[in-house]
Amino acid sequence: MHRIAVVGGGTGGTVLANRLAKELRSEIDAGEVEVRLITDDPDHVYKPTFLYVPFGKKTVDDAKRPIADLLDRRVTLEIDEVAGVDTEAKKLQFADGSLLAYDQLVLATGATLEPEAVPGLAEGGHHFYGPDGAERLRDALAEFTEGHLVLSVVGVPHMCPAAPVEFVLMADAWLRERGLREDVELTYTYPINRAHGLESIADWATDLFEERDINLETFFNVESVDPDAELIETVEGRELDYDLLVAIPPHAGSDFVVDAGLGEDGWVDVDRNTLEATNAEDVYAIGDVADVPTSKAGSVAHYEAGVVADRIASRARGLPPTATFDGKTVCFLEAGMDEATFVEFSYGEEPYVREPSKPLHWAKLGYNESYWLTARGLL
Amino acid sequence: MTEPQLDTDVTIDSRGASCPGPLMDLIGKVKTLDPGAVVELQTSTRNSTTDVPEWLDEAGHELLEIEEHDDYWSIYLEVS
Ligand SMILES: Cc1cc2nc3c(=O)[nH]c(=O)nc-3n(C[C@H](O)[C@H](O)[C@H](O)COP(=O)(O)OP(=O)(O)OC[C@H]3O[C@@H](n4cnc5c(N)ncnc54)[C@H](O)[C@@H]3O)c2cc1C
C-alpha cells in the first residue's frame, strides 16, 4: 500500500486530495494506494469572503462548508492536529503522541496571523483576515462616521497581497455611498518605498489613491501601536494618529515546520518548480506554507496542487515525475464597490493591470461562488 | 567571488527571494539588533541595491558598502 498524506484542508490540500483521488481512482479502489487528508478544522474556510464581511456584503458563515462535503469519497478524512513530522522515519506525530507513517507527504497548512508580534497591535488594530476580526471590523465600521481611517500593511509577506489595496478602495467607495467620505481621512501605509511589492500594481494603486484622495505613506514599518493615544510608531521614527486602524497583521508559518528542520522561519523551503522540500525526501509543500517567490494566494495553492498531484501520482505508479510549477498567479482586484481588475503572472514577470470594469467585478463575485466547485476538483 | 572585507555581526541570506523580500528580511532583523551592529544582507535582486540604501537613509542607518558577486550582491550596513 502506497500511503499519501496531505496535511491541511484549505484550498491547497482540498484541491490536491480531490485531484489525487481522481487521478489514482483505480489504484485506490484496488487497495494499492491510500490518500489521507488530515486537517484540524472540520470546516473548509474560503478566506476571500472575509474581504466583504466588514462592508456587510457577506457573512462569516458564507465562508465555511464542512470539509467532508467537499472531498471525493475515495479520500480518507481525519480531523486532527499534526504536531510534528519525522522526515527520517517518514511519520507524522499527533498531539496525543500517536504516529502515522507515510510514503509521500504534502504540507498545506497555510499561514497563521500573529498580531501579538507587534506591541499594542492586537488591542489597537482591527483586521479582516479571519472570521472574528472581520466581524469586529464590520461593527466598528458601521459606527465610524468621521475621523482618520488608517489601513496599515504591517506584515509582509501576507496572504493575498492585493487585499489591503482592495480594502482601502472599497472603504473609499462605501463611505462615498453613505455620504461620509468628506468626514473621513483615509491613509494607506506600506513597508517599502512604493504602495505594493509588484511595481505595476504599485503604480496602478498610487494613481487611484491620488484620484480618490487617499493618502499614501511608504517606508512605513510599524514598530508599536499605542491603543490609548491611538498612535502608530514606526521603525523609521515616524508617528501617525488614527481613529480606526485596520492592519494587516504579521503572518507566521507553522512551528512544526521549524522543529522538523523543513524551514527556519516556519515556511517550508522548497524547490520553486517541483515544490519538493529542500531538506527532506518525499515531502512537498503547497500554498501559503511553501516558501516560493510569488504571492500567498489561493490561485497559487490551486495551481501548485495540480502540479504536485501529477508528481505524486507518477511516483505512486513508479514513473518519474515531470510536472513543474512556473509560478502562475492569478488575482482579481476590487477597485471599489462595483468595479474590479485582474492580473496574471508567472515567476519573474511583471503583471499588466487592466482598466477596472464592472464585468470584472462580477467575474470576481462569480468566481467566489463557483469556488466550491473548484475545491471539489470539478473546475 | 570576492571575500567579504568587513567583520559582520549578522549575515542575512536573502538570495533567491524576490522583491521586496530582502528588504523586509533586513527590516525584520534590524529591529532586533543593537546600535553598532554590522549586517551583511545577501540579495540576488538588483532592486535591493537601490531600495535598501533608500530605506537605510529613511531609517537613519549607515550604508557601509555594496559588494557585487557573480550572482548576488552583499550590502553592508551599520545599525544606528
Ligand atoms: C481577506 C483575504 C482575502 C483573500 N483574497 C484572495 C483572493 O481574492 N484570491 C486569492 O487567490 N487568494 C486570496 N486570499 C488568500 C488565500 O485565501 C490563501 O492564499 C489560501 O487560502 C491558501 O491556501 P492554503 O491551502 O495554503 O491554506 P489555507 O486555505 O489557509 O488552509 C490551511 C489549512 O490547514 C489547516 N491546518 C493548519 N495547521 C494544521 C495542523 N498543524 N494540522 C492539521 N491541519 C492544519 C487549517 O485548519 C486549514 O484548513 C485571501 C486571503 C484573505 C485572508
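These legends describe close-up views of a predicted model. Local features need pLDDT of at least 70, and side-chain atom pairs count only at pLDDT 80 or more, while totals for chains, interfaces and linings use all residues. Residues are numbered from 1 along each chain as its sequence is written, chains are lettered from A in the order in which they are written, and side-chain values use heavy atoms, with hydrogens and water left out.

**View 1. The interface of chain A and chain B.** Here 14 residues of chain A are in contact with 14 residues of chain B (contact: heavy atoms within 4.5 Å). The area buried between the two chains is about 1,200 Å² (accessible area, 1.4 Å probe, that two parts lose on being put together, summed over both). Carbon and sulfur atoms give 61% of that area. Three residue pairs across the interface are in polar contact, both residues at pLDDT 80 or more. A polar contact is a pair of N or O atoms within 3.5 Å; within protein, one must be able to donate a hydrogen and the other to accept it, and residues adjacent in sequence count only if both atoms are side-chain atoms. On the chain A side, seven nonpolar, three polar and four charged residues touch chain B. Nonpolar means Ala, Val, Leu, Ile, Met, Phe, Trp, Tyr, Cys and Pro; charged means Asp, Glu, Lys and Arg; the others, Gly among them, are polar.

**View 2. A salt bridge between the chains.** The rule finds one salt bridge across this interface (a side-chain nitrogen of Lys or Arg within 4 Å of a carboxyl oxygen of Asp or Glu). A:Arg238 pairs with B:Glu58 at 3.6 Å, N to O. A:Arg238 is partly exposed at 24% relative accessibility, and B:Glu58 is partly exposed at 38%. Buried means under 20% relative accessible area, exposed over 50%, and partly exposed in between (1.4 Å probe, protein chains only).

**View 3. Salt bridges within chain A.** Over all chains, the structure holds 21 salt bridges. In one of them, the closest N and O atoms of A:Arg36 and A:Glu78 are 2.5 Å apart. This pair links strand E2 (residues 33–39) to strand E5 (residues 75–79), 42 residues apart. Helices (H or I, at least four residues) and strands (E, at least two) are DSSP runs, numbered from the N terminus. Both A:Arg36 and A:Glu78 are buried. A:Arg311 bridges to A:Glu276 at 3.1 Å. A:Arg311 is buried at 6% relative accessibility, while A:Glu276 is partly exposed at 22%.

**View 4. The largest nonpolar core.** This core has 76 residues. A nonpolar core is a set of buried Ala, Val, Leu, Ile, Met, Phe, Trp, Tyr and Cys residues joined through side-chain atoms within 4.5 Å. Those with the most contacts inside it are A:Phe128, A:Phe167, A:Tyr188, B:Leu26 and B:Trp55. Helix H6 (residues 163–177) of chain A gives the largest share, 10 residues. A:Tyr188 touches residues including A:Leu151, A:Val168 and A:Phe209, not counting those up to four places away in sequence.

**View 5. Backbone features in chain A loops.** Most residues other than glycine have a negative phi, and most peptide bonds are trans. A cis peptide bond joins A:Val156 and A:Pro157, with omega about 5°. A:Pro157 sits in the loop between strand E11 (147–153) and H6. A:Asp213, not a glycine, has a positive phi of about 60°. A:Asp213 is exposed, at 57% relative accessibility. A:Asp282 also has a positive phi of about 60°, but is partly exposed at 24%.
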